[in-house]
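Reader: Could you walk me through this model and tell me what lies behind the terms you use?

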Amino acid sequence: MLDFDVLSELPALPSQDTVTTFDHTTFSTYLPLPFRLLFLLILGFWLCALNFHYFHLNGIAISNLIKYTPRDNDPPIHTSIYRVSLVLSAIWLSGMFLFWRLTGGIAEEVERWGLLAIATGGAILAALIWPGTGWYGRGRTRFLRTLRRVGIGGLDRDLRFPDVLLADVITSYAKTLGDIYILLCMALFHHTGGSYSVTSHPDRSCGGAFGVPFVMAIPSLIRLRQCLTDYLRTRRKEGRESKAAILHLWNAGKYASAFPVILFSAVQREWSTDGDGGAGGQHILTKDAVSKLWLVCVFLNSGYSFYWDVTMDWDLTVFSTASTASSSPSSSSPLVGEREKPTHPWGLRPNRQYHSPALYYAVIVLDFLLRCTWSFKLSPHLGYVNDLEGGVFMLELAELMRRWMWMFFRVEKEWVGLGSLRFCCRSTSATLVEESDKD
């Protein structure tokens, strides 16, 4: 477990001026914020292509799960995403190399050529939203429509699974969305050397103490609305006391648990900029009380999210008792044969698409570690950490990699469940036919 007490004291370590000066002359000069954000966006497409490619190799028909079937003359979905990612990467690399060529690592030149970063982002955006039917227009249109629907917390009845997947991916871009807000704030309100500079060192105070936290909370709000939509639909269909409906409420609580982390962090950041630290008697809670509440909320959010990943999203039995695990739907799946007491590696399930138990265990450990790290990533009040731009970037990369790993097992669980449903339907039909023949 991470040392939360040590991390809570990070703002008292080396001064922000020292960190900012060092970081600006190294990391931010050669990889400014706009190019970092574009890199993270493009990386998401590459990781998605790798996910889909692996599903294809392991016999998981992802096109059936997301209900998108390529036409007869279309390449496989992962091939299309690879090609789109390659074009976006070529645009990014062209802009990045030209930027390095023109700036030469000189801070004044870095600020002067901010327009090049904007042009690169514009070219990438244009490639994604190009209205033509060519260049995988059907797939891009489907993606943009889904993004537009999910962006306001929408949840299509027939496309629920892909909508939920995309919304979960967006939660991993929470800090990236906060950085986009800072970038827009700098472009609109900062004036440097006679021109707007979006490539200077990020001003993380831009927009006030609560602007960035609010933007970072939007992905959790999206998933919260989707969970409540699921709850209402299930309650109308199965009743208020339905187990499935109650599970949707618990899932909503998981996403709601991120809000106190962000809120208490924003309060601490505001107090640190005010200078009184909540000691002036104008606040209901003291700085020490808010800090402890924040730590409690971090523990709750990390533990809750990790438990849900393992138990619900992946349907593993790490946190289940022996009797519960043996009686779970996955453990009694007909795909593994008729057994009174099915055997499988501890903490897993008998019906698995990936056969190596060590792979599951390794991903569980990594997910736990990265879940804890990401909770701190939602805390902009840790000024020392957040002003180390290279550290922030590495944590954002780590979260995308965690989501990439999560996707393999979330889709696998859905595919296994679909296979069990198909088997049950066939078995039921065969039984009915045999009974009718006997009659």
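Author: Here are some terms and the values behind them. This is a predicted model, in which local features need pLDDT of at least 70, side-chain atom pairs count only at pLDDT 80 or more, and totals for chains, interfaces and linings use all residues. Residues are numbered from 1 along each chain as its sequence is written, and side-chain values use heavy atoms, with hydrogens and water left out.

Reader: Thanks! What makes Cys185 and Cys206 a disulfide?

Author: A disulfide is a pair of cysteine sulfur atoms within 2.5 Å. The sulfur atoms of Cys185 and Cys206 are 1.7 Å apart, so the pair meets that cut-off. The structure holds one disulfide, and the angle of -80° about its S-S bond makes the link left-handed.

Reader: Which parts does the link of Cys185 and Cys206 tie together?

Author: Cys185 belongs to helix H11 (residues 174–189), while Cys206 sits in the loop between H11 and helix H12 (211–238), so the joined parts are 21 residues apart in sequence. Helices here are DSSP runs of H or I with at least four residues, strands are runs of E with at least two, and both are numbered from the N terminus. By that count the protein has 19 helices and zero strands.

Reader: Why is Cys227 called buried, and why is Cys48 called partly exposed?

Author: Buried means under 20% relative accessible area, exposed means over 50%, and partly exposed is in between (1.4 Å probe, protein chains only). Cys227 has 1%, so Cys227 is buried. Cys48 has 26%, so Cys48 falls in between. Both Cys185 and Cys206 are buried as well, and buried residues make up 47% of the 439 residues in the protein.

Reader: Why are Tyr354 and Tyr360 called a tilted pair?

Author: Rings of Phe, Tyr and Trp (its six-membered ring) pair if their centres lie within 6.5 Å; planes under 30 degrees apart count as stacked, over 60 as edge-to-face and the rest as tilted. A search of the whole structure finds 19 aromatic pairs. For Tyr354 and Tyr360, the centres are 6.4 Å apart and the planes 40° apart, so the two rings pair and count as tilted. Tyr354 is buried at 3%, and Tyr360 is buried at 1%. Both belong to one aromatic cluster, whose members include Phe52, Trp314 and Phe409.
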